[in-house]
Amino acid sequence: MRSSNAKTRTNNNNKVAKPRPDRIKSRVAFAGSLFFLLFGVISARAVQVQVIDSEWLQEKASKQYERPLVINGKRGTIMDSNLEEFATTINVTSIAVHPKQIKNTIETSRTLAKILGMDQAQIKEKLSSTSSFVWLKRQALPKQVDALQELNIKGLVYLPEQTRIYPHTEMASQIVGFSGLDGKGLGGLEYYYDSELQGKSSSQKVLKDARGRLIEKPEEESGASNGNNLILTIDRTIQYITDNSLKAAVTQYNAKSGIAVVMDPKTGAVLALSHYPTFNPNNYKSYDKSLWRNRAVTDPFEPGSTMKIFLAAAAFESGTVKPETKFNCENGKYRVGSFIIHDTHSHGELTVEEIIKYSSNIGSVKISEAIGKEALYKTLKNFSIGEKTGIDCPGETSGRLANQSKWTKIDAANIAFGQGVSVSALQLAAAVSAIANKGIMMKPRLVRAMTDSENNVVKVFEPEKIGRAVSEKTADEVKKIMRTVATEGGTGKNADIEGYPVCGKTGTAQKIDKTGQYAKGKYVSSFVGFAPMDDPRITTLVLLDEPSEGGYYGGVVAAPAFREIVSQSLQKMSLYPLVTEEKVTAALKGKTNG
């Protein structure tokens, strides 16, 4: 009985209720509607993507792989007159990093610091940057690049760049100047001719993968072009001679600094322009900025007794004074208003020739008084004193020459022997060159020609006349007087060269301090002149700032350096010493005796 009931209950529990037909239909309808709805949404999206937004999306996709590639034209080369390179451009590699791809910043920074020679903390800071791209080292050394590439550090980027190098390091550095990391000229001719030297850049799109590697090479015809080249008037050998002679003089007399200028008086071409101390443009940031500028062009100074050259020229041009005209030099003391003018040595009556030869200040004042301030001022202006020469170099000073209408009696006296007036070293050399060039002033220039990257001539810088400073007769008379300065008894006898008759003038100018007063014991000492006398080939100025050992007179400290520069330079120019009759006689006599 119990068994039968249990079975009956089991059968009843196993019965499954059948779903109603109307419910099945509603479920199917719902699923179908949902499917068609989703299909419609997908279809609409596909239409939007493929038709409506296709151009926008293609552009966006291409941006994931296309990158702009800037191709820079090579900066032009700067060469000396014999095509020796003073400045050139080479290809280098710079290293950057994608910080987010660096996993172990501490270990990586330690490795990078060791290879790149940089501070580890500085590198760690770069690797921890939130920027997507950070420079690690611009223009790295080839051995540094090779070492890092071997390690295959993920996240480092190697980019091709160009860098400027100066093969002769310190030589002519103030002339040539330097350029920065971006290739822009920052000083000297690099700055002055930047637009000509600068290569033209172009940009084109290239395909790169997610790591920034090129998938497709750029087109060979990029549109970039190299800059023009400069051929200078500077002669590397003469520059070398000048550098060494100037350095020796500054060192020997313990001067603060020195400047030397060598010019061709007939063309205005600057053959050498030297400074000491100088700097290396390959590492210009390591030097004091005051050493960067071309001080021969930018810095004015009082010329002192070298100004007597132009006083003599003014006197002869006036027609009232001749070389043999005599003046009373008052035995070393002469009052002008409330001031007393002194001479180094006591003199009585001296001719104009003797006044210049012995460098008498009192005699110079007497000459100035005789011709009048108008005549002196006019002649100084004819020599471009107080005016820029127009040389192709940045920062040229005009010097200072007040209008004669403002001169007092003592002003006229001071200007006669080189005080109260200022010039640059280049101005003084250019003005003296006019005497050597029969009275005609030439515009100083540093560049002979400009060529393109294929060495085709783009421009030739021809010699350019500034104008006639004085008559040929006056120039010849002044030249003869300048010759006596370098002979026995003259203040510049230490400048004379056997076989190369020198014409010149000494200068010893007391410096002005910050208060505007003349500083005791501080001088600018100089010698300027040209050689040989009959056919001058080079004009040279040597200037020492504050010599403090062994003397300070220009004839003592500057004249010997002048002699070394001129004698060696003329030999380099294949101009051999004159053979005098006395020399021949002595040589024959020696041969006979032998």
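**Close-up 1. The largest cavity has a volume of about 30 Å³.** The model shown here and in the other views is predicted. When the whole structure is searched, one cavity of 30 Å³ or more is found. Its lining is made of Phe-383, Ser-384, Ile-385, Thr-389, Gln-427, Ala-430, Ala-431 and Met-441. Helix α17, which covers residues 425–436, provides the largest share of this lining, with three residues. By class, the lining of the largest cavity has five nonpolar residues, three polar residues and no charged ones.

**Close-up 2. The second largest pocket holds about 1,000 Å³ of space.** A total of 35 residues line this pocket. Ser-305, Thr-344, Asn-361, Thr-508 and Tyr-553 are the lining residues that lie nearest its centre. At least two lining residues come from each of the strands β14 (339–342), β20 (503–512) and β21 (518–531), and from each of the helices α16 (409–416) and α19 (554–557). Of the contributions to this lining, that of β20 is the most, at five residues. The lining of the second largest pocket divides into 21 polar, twelve nonpolar and two charged residues.

**Close-up 3. Helix α14 packs against α16.** Helix α14 spans residues 361–371, and its axis lies 8 Å from that of α16. The angle between the two helices is about 125 degrees, so α14 and α16 are oblique to each other. The crossing of α14 past α16 is right-handed. On the α14 side, the contact is made by Ser-364, Val-365, Ser-368 and Glu-369. On the α16 side, Lys-409, Ala-412, Ala-413 and Ala-416 take part. The residues of this contact comprise four nonpolar, two polar and two charged.

**Close-up 4. Helix α4 packs against helix α5.** Helix α4 runs over residues 105–116 and helix α5 over residues 120–127. Their axes are 8 Å apart and the packing angle is about 130 degrees, which makes α4 oblique to α5. As α4 passes α5, the crossing is right-handed. In α4, the residues that meet α5 are Thr-105, Ile-106, Thr-108, Ser-109, Arg-110, Leu-112 and Ala-113. Their partners in α5 are Gln-120, Ile-123, Lys-124 and Leu-127. The contact of α4 with α5 has five nonpolar, four polar and two charged residues.

Methods: Residues are numbered from 1 along each chain as its sequence is written. This is a predicted model: local features need pLDDT of at least 70, side-chain atom pairs count only at pLDDT 80 or more; totals for chains, interfaces and linings use all residues. Side-chain values use heavy atoms; hydrogens and water are left out. On a 1 Å grid over the protein atoms alone, a cavity is a set of points where a 1.4 Å probe fits but cannot get out, and a pocket is an open set with protein on both sides within 12 Å along at least five of seven lines; lining residues have an atom within 4 Å of a point. Grid points are joined across faces, edges and corners, and a volume is the space filled by probe spheres set on the points. Helices (H or I, at least four residues) and strands (E, at least two) are DSSP runs, numbered from the N terminus. Ala, Val, Leu, Ile, Met, Phe, Trp, Tyr, Cys and Pro count as nonpolar, Asp, Glu, Lys and Arg as charged, and the others, Gly among them, as polar. Axes are lines fitted to C-alpha atoms, for helices over the stretch in contact, and angles run from 0 to 180 degrees between N-to-C directions. Angles under 35 degrees count as roughly parallel, over 145 as roughly antiparallel, 65 to 115 as roughly perpendicular and the rest as oblique. A crossing is left-handed if the near helix is turned anticlockwise from the far one by less than a right angle, and right-handed if clockwise. Contact means heavy atoms within 4.5 Å.
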